[in-house]
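Hi,

Here's the structure I promised to pass along. Have a look at it first, and then read on for what turned up.

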Amino acid sequence: MYVGLSLAAIAALAPALNREGDAAAGFLDLRTTLIALAFVSLGVWLLAVGAQALGAAVLPQWLALAAIAIGVLLIVGAPLATEDPVFTGLPSFASFLWVLVASVVLFRRDARAA
């Protein structure tokens, strides 16, 4: 969902660059809304993964708690990002870093199991 909504937001930017006035503002508002929805969907996904990881003990507890914290920050920061992108900049970078760390942890766990 995050990737699809982000790509749709990028697609909404192209018509805005070729128009002026209210038409451009409408496309820019659409882009802002799609990006906010993308961040909310990423936050919901991280909350779900973090909650599932806490119960299943698939990931270390600190990694599950980090997913929950990043998810909350993304959901809370998405509406605030319309005023200042800093509110989602750090949490979105942290989410990409979380995916990288979780991938390494799962890869190393599978390598040890083999």
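So, how many helices and how many strands does the secondary structure of the chain come to? The count is 4 helices and 0 strands, and reading from the N terminus the order is simply α-α-α-α. The radius of gyration is 17 Å, well over the 13 Å that the globule rule gives for 114 residues, so the chain is more spread out than a compact globule. Keep in mind throughout that this is a predicted model.

The box tells you about the overall dimensions: along the principal axes, the C-alpha atoms fill roughly 60 × 25 × 20 Å. As for the contacts, take those between residues at least 6 apart in sequence: 61% of them join residues at least 24 apart. Buried residues account for 29% of the 114 in the chain. The accessible surface comes to about 7100 Å², and carbon and sulfur atoms own 72% of that.

Helix 1 covers residues 2-17. With 16 residues at 1.5 Å each, helix 1 should span 22 Å, and its end C-alpha atoms sit 23 Å apart, so the two values agree. Which residues of helix 1 are buried? They are Leu5, Ser6, Ala9, Ala12, Pro15 and Ala16. Their packing partner is helix 2 (22-56).

Is Ser92 buried or exposed? Its relative accessibility is 10%, and because the cut-off for buried is under 20%, Ser92 counts as buried. If you skip the neighbours within four places in sequence, Ser92 is in contact with Phe39 and Leu74.

Leu97 is another story: with a relative accessible area of 43%, Leu97 is partly exposed. Leu97 also belongs to a nonpolar patch on the surface, along with Leu90, Phe93, Leu100 and Val104. Together these residues have about 520 Å² of accessible area.

Let me know what you make of it all.

Cheers

Key:
Residues are numbered from 1 along each chain as its sequence is written. This is a predicted model: local features need pLDDT of at least 70, side-chain atom pairs count only at pLDDT 80 or more; totals for chains, interfaces and linings use all residues. Side-chain values use heavy atoms; hydrogens and water are left out. Patches are made of residues with over 30% relative accessible area and no salt bridge: like charges are joined within 9 Å, nonpolar side chains (Val, Leu, Ile, Met, Phe, Trp, Tyr) within 5 Å. Accessible areas come from the Shrake-Rupley method with a 1.4 Å probe; for residues, only the protein chains shown count as cover. A salt bridge is a side-chain nitrogen of Lys or Arg within 4 Å of a carboxyl oxygen of Asp or Glu. Buried means under 20% relative accessible area, exposed over 50%, partly exposed in between (1.4 Å probe, protein chains only). Helices (H or I, at least four residues) and strands (E, at least two) are DSSP runs, numbered from the N terminus. The radius of gyration is taken over C-alpha atoms; the globule rule is 2.2 Å times the number of residues to the power 0.38. Contact means heavy atoms within 4.5 Å. The expected span of a helix is 1.5 Å times one less than its number of residues.
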